[in-house]
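Please examine the structure shown below.

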Amino acid sequence: MSHNNAMIHRRAALTRLAVLPAVAATPFLASCAGPQVQSYAQEKPQLDLRTYFNGTLDAWGVFTDRGGQVVKRFTVVMTCTWQGDEGVLDEAFVYADGTKQRRIWRLKAGPNGTYTGHADDVVGEARGQVSGNAFRWGYTLALPVDGRVWHVDFDDWMYLMDERVMLNKATMSKWGVKLGEVTLSFTRRTPLAAQSV
């Protein structure tokens, strides 16, 4: 295979990896270099994950490759419900090329702001923690690429900006090598203040 063909094949494979989730310290993440979620403990507004991800949210996002080029654009409508400590986050993705995807997260709140979660294409258990206005979420997705399934790791951060808007940035990697980033902006259809009335 020529160098140019190899580069084209690699870019196509990375593009197909971008079947993205939304939803951003876990035991395996705690050992990673870089910021820890506890660093945001004093940041406002305080994030209550069960309150923010409740009702209907809209999101707009992009997937960028390692060089920073946008290779996927998408929108998401997210329908969220909770019963006590257990929540369902139903995500409906529509990509710029017209393709669609659905992911249903099932979350469970634990002590000290911790959360665990499962979805059909998540390998094992997702784990995360809230601190201040931030939520750090780590998980591995099983993504089909060229007839094979790749296990891709996500280091997913979310930051509550105000009563409606949350920003989300996730880094995708495999074998410790960065593949790209997902950037999302969530907006609640109903502001948190209105929900609590």
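Lys 169 is partly exposed, with a relative accessible area of 42%; this class lies between buried (under 20%) and exposed (over 50%), judged with a 1.4 Å probe on protein chains only. Lys 169 belongs to one network with Lys 178 and Glu 181, joined by salt bridges that share partners. A salt bridge here is a side-chain nitrogen of Lys or Arg within 4 Å of a carboxyl oxygen of Asp or Glu. The model is predicted, local features need pLDDT of at least 70, side-chain atom pairs count only at pLDDT 80 or more, and totals for chains, interfaces and linings use all residues. Residues are numbered from 1 along each chain as its sequence is written, and side-chain values use heavy atoms, with hydrogens and water left out.

The whole structure contains ten salt bridges, including these:

| Salt bridge | N to O distance |
|---|---|
| Glu 181 and Lys 169 | 3.7 Å |
| Asp 97 and Lys 72 | 3.7 Å |
| Arg 189 and Asp 58 | 2.8 Å |

Within the last pair, Arg 189 is partly exposed at 47% relative accessible area, whereas Asp 58 is buried at 18%.

Asp 97 is exposed, with a relative accessible area of 53%, and Lys 72, its salt-bridge partner, is buried at 16%.
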